[in-house]
Amino acid sequence: MTELHEPAAFRAALRQWLDENDLTPAEGEHSLDAHQAQHVRVLAALYDAGWMRYGWPESAGGLGGPDVLRAIVGEEVVGRGLDHPGPYSMLDVLAPTLIDYARPELAAEMVPRLLSGAETWCQGFSEPGSGSDLASLTTRAVQDGDTYVVNGQKVWTSFAQYAKRCILLARTGGPDVPNHEAISAFFVDLDSPGVTVRPLRTMHDVDEFCEVYFDDVVVPADRMLGNPGDGWRLAMDLLPYERSTCFWQRIAYLYSRFDALVEQVKRQGQVVDTDMGEAYLALHTLRCRSRATQHRLATGAKLGPDTSVDKVLLASAEQRLFDTVHDLLPGAIELDDTQWRTEYLYSRAATIYGGTAEVQRNIIARRLLDLGKE
Ligand SMILES: Cc1cc2nc3c(=O)[nH]c(=O)nc-3n(C[C@H](O)[C@H](O)[C@H](O)COP(=O)(O)OP(=O)(O)OC[C@H]3O[C@@H](n4cnc5c(N)ncnc54)[C@H](O)[C@@H]3O)c2cc1C
């Protein structure tokens, strides 16, 4: 199977397999439950056929090969509309960090469950008072023998209602410990007694994220990811994935929506105008940047603050595309219950999730351009 580690051969074989194995979602199923069911169905089929395992280390149940193989799977699957970019992105965001920080036996046991769709996981970082200022989080984990007892609240936890487990940040150090050494990370079973998950409705009318409450939740100490105080480092390692590699498949989806817009505009007898050119240029710029990031990852580079550039470009391109839809298809967003409306509204979140646009620009100014605090 190692000839499949060559990206072009891998893509060709995957395309052939996808052509021969119909995973098209059912028509007219737009609920979040339907998306989740389709997500699980697609992952299970791709995992059984081996595709979901390429690009992941053998130590975690993968079949090895370069990281770019998993980007190719995401691009083909999401670009064909077989899965949605939101649920799919959780794989790219959560699995690499779990592999890097969990005990090897834990990663070997758990990662296959995520990649095969047997389980969904979520990311418990943000709290009501701690989003951009993540280091101020107040959820606390207190050691009690060989367990930790967790109390606190998380918010905006995407897909928590479907999740079996959560990568959770909690404060383990006291007031005398500097913030960045006082936070630890845990891999928590969400069916533990004391966990309450309450879905929150978004403005596009979907319960995509949740509040998650932890009341005296007992977590085994061997579910800590890394060592006590490693939580901040884990977050700084995870966020670059959330701000870059998981976009490759999202870009494929945005291109497919751009093509759909061109078709619709042509059908209505309108001229394809300069607004569309600008939307296309923004998408293409994003794709070039994202390609460079994927290739840096392939050479073994560690992703860091430079991924804030990818995040700014993603948010700008996505919002520009759906702003163009708004301008060219009068009423499609305000008056009609179309897919465009949902997408336009969701695109507003692109400058918030994974770190807001303002915070990304601060990181670029301070850490990449060395422009100082003001
Ligand atoms: C669709 C979606 C999905 C999400 N999924 C998850 C998830 O699965 N898990 C999770 O943990 N979180 C998740 N989040 C939360 C997300 O990470 C936070 O919303 C984000 O980090 C911003 O935090 P906040 O909402 O507390 O806003 P705040 O931090 O309160 O920011 C409010 C405003 O102040 C601005 N601001 C704050 N600080 C500065 C500063 N220093 N300089 C300039 N401007 C500043 C911000 O840019 C923003 O405009 C999700 C959010 C969304 C929208």
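Me: What domains does the domain assignment of the protein chain give?
Reply: The assignment gives domain 1 (2-119), domain 2 (123-232) and domain 3 (243-368); domain bounds come from an automatic or database domain assignment. This is a predicted model, in which local features need pLDDT of at least 70 and side-chain atom pairs count only at pLDDT 80 or more, while totals for chains, interfaces and linings use all residues. Residues are numbered from 1 along each chain as its sequence is written, and side-chain values use heavy atoms, with hydrogens and water left out.

Me: How many residues of domain 1 are in contact with domain 2?
Reply: Contact means heavy atoms within 4.5 Å. By that definition, 16 residues of domain 1 are in contact with 17 residues of domain 2.

Me: What is the area buried between domain 1 and domain 2?
Reply: Buried area is the accessible area (1.4 Å probe) that two parts lose on being put together, summed over both. For domain 1 and domain 2 this area is about 1500 Å², and carbon and sulfur atoms give 70% of it.

Me: Why does the ligand lie between two domains, and which are they?
Reply: Domain 2 (123-232) and domain 3 (243-368) both give residues to the shell around the ligand, so the ligand lies between them.

Me: Which classes of residue make up the shell around the ligand?
Reply: The shell has seven nonpolar, nine polar and one charged residues. Ala, Val, Leu, Ile, Met, Phe, Trp, Tyr, Cys and Pro count as nonpolar, Asp, Glu, Lys and Arg as charged, and the others, Gly among them, as polar.
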